[in-house]
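Please keep the structure open beside the text as you read.

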Amino acid sequence: MQRLSINKTNAILLLLATFSAFFFGLVSFGLVAVFGKHYAYLAALPVAIILGLIFVFNRYFFFLLVVLSRSSLDSVFNAIKFGSFGLGAVLNALVILIAVLIFFERPLKYDIKFDSIKLSWTIFLTLAFVSIFYAPAFVPSLKVFLLFVSYCSMFTLGLYVIQKPEDLSKWLKVIVYSSFIPSVYAVFSMAFGTAGFYNSLNEGMRLQSTFPHPNTYAPYLVIVITVCFYLWRAKPALVSPSLRKLLPIYIVTLCFFLLMTKTRSTWAACYVLFFLYALLHERKFLIPVLAAPFLALLIPEIRDRVMDLAQRTDFGSNGYGSLNSYAWRKQVWADAINWMSKTHYIFGYGLASFIHYSTSIVKANAYQLQKVEINAHSVYVQLFFELGIVGVLAFLYLIYAHIRALLSVYNRNKLLIFMVLVTMVEFLFMSYSDNMIDYLIYEWYLWFTVGISLSSVKLSRQQEVKTA
């Protein structure tokens, strides 16, 4: 009897075929159930089939499409869902699968020490996984855990996609190109109506473009602005002369969009980038950077948004007054921590527990609890509530491990590493007052940028050794 031999490629194709058959079967089953109610779901199966075929035949091209388009797809994914999951969850799963496959196909060989980074991801993801089993709701906590795994996958893929010196420029430009559709939609929204805006009674009209909320659009803009600025100020060989001329105009446009989101923490984070760059790299930019806040305050909506921090700081004399967004956050944090049992201070209540218990914790006014589920609007409070003090320390160690790795290679590409280091510090800062770990698009582009940056400096060092 002839012996059957299956090589690695055939095994991977068999795995992909099995996954695809299982997935398409589930999608078809879901379509039968909802066919008569939601006609938008009719697009789900052909889209899923196209994605599956591209994934099977060319994973590299598939991932390129993901990075290029993910920032524009939230509205589409939110319109097509089957219960708790939809095409967005499928895309997340495929990205995780790509990372797993490439990890086993091509082991990393770096002169950068990744032991701390590997350990930090292992600790954080292990804590998150274990917490699923004592969380109050299994499916929501599982979804959050898979989001965290997808963040690690994007970082891992960033390490692998840089194979040639010119790859860094290519992938950075892909990140920039990913912002074109949201930018066009933002211009369309401002020109022709309220689509692409979030209307708040106390905050007015806030730009959200293709994103579900201004608070998710704004940090993504900070990432793209940072990448654009690096491409503009880095070596001329990274971009064409025509693109270099357009980059300053596009940076100013993106900064205007950022202002229109009215997300104050991202204003401060972006300003820190320009201020530190001017202070440490090009002093000629220092005067315009110092003048920028005063010029921005000449815009009435910006000025009102800043001045709002000094108003509506309590519930008022009758107890039913509204708080400004920062005072409201502090009230949420105080309510949550006071509600917690001390026995949960170490390991928390499990992933997704904050939003689960929020209607039993957070006050809408001095006398009533909030009726709508919300998250903590602070990564540190959320992690303390869900994973305890151990989870907070694991998160801080995760960030520390990456910053340490970046600092170890600072001299290899000072401008690039400086930009990425500032981005990591911005992440820590914005995490104080927003749900940053829940913002999938921002997290994907953040960790992917960190990954390709570390990989590119590794590659540049190898090139130096070869030419020496």
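## Before we start

Helices (H or I, at least four residues) and strands (E, at least two) are DSSP runs, numbered from the N terminus. This is a predicted model, in which local features need pLDDT of at least 70 and side-chain atom pairs count only at pLDDT 80 or more, while totals for chains, interfaces and linings use all residues. Residues are numbered from 1 along each chain as its sequence is written, and side-chain values use heavy atoms, with hydrogens and water left out.

## Two loop residues with positive phi

Let's begin in the loops. H377 lies in the loop between α16 (353-357) and α17. H377 is not a glycine, yet has a positive phi of about 60°. With 14% relative accessibility, H377 counts as buried (buried means under 20% relative accessible area, exposed over 50%, partly exposed in between, with a 1.4 Å probe and protein chains only).

R312 also is not a glycine and has a positive phi, of about 50°. The loop between α14 (300-307) and α15 (325-339) holds R312, which counts as partly exposed at 25% relative accessibility.

At least two residues of the patch come from each of α6 (115-131), α7 (138-160) and α17 (379-408). The biggest giver is α17, with three residues. I389 sits in helix α17 and is partly exposed, at 39% relative accessible area.

## Cavities

How many cavities of 30 Å³ or more does a search of the whole structure find? There are four. On a 1 Å grid over the protein atoms alone, a cavity is a set of points where a 1.4 Å probe fits but cannot get out, and lining residues have an atom within 4 Å of a point. Grid points are joined across faces, edges and corners, and a volume is the space filled by probe spheres set on the points.

The largest cavity holds about 80 Å³ of space. Its lining includes L172, I223, Y230, M419 and S453, and α10 (214-233), α18 (414-430) and α19 (440-467) each supply at least two lining residues.

Methods:
1 Å grid on protein atoms, 1.4 Å probe; cavity = no way out; pocket = protein on both sides within 12 Å on 5 of 7 lines; lining within 4 Å.
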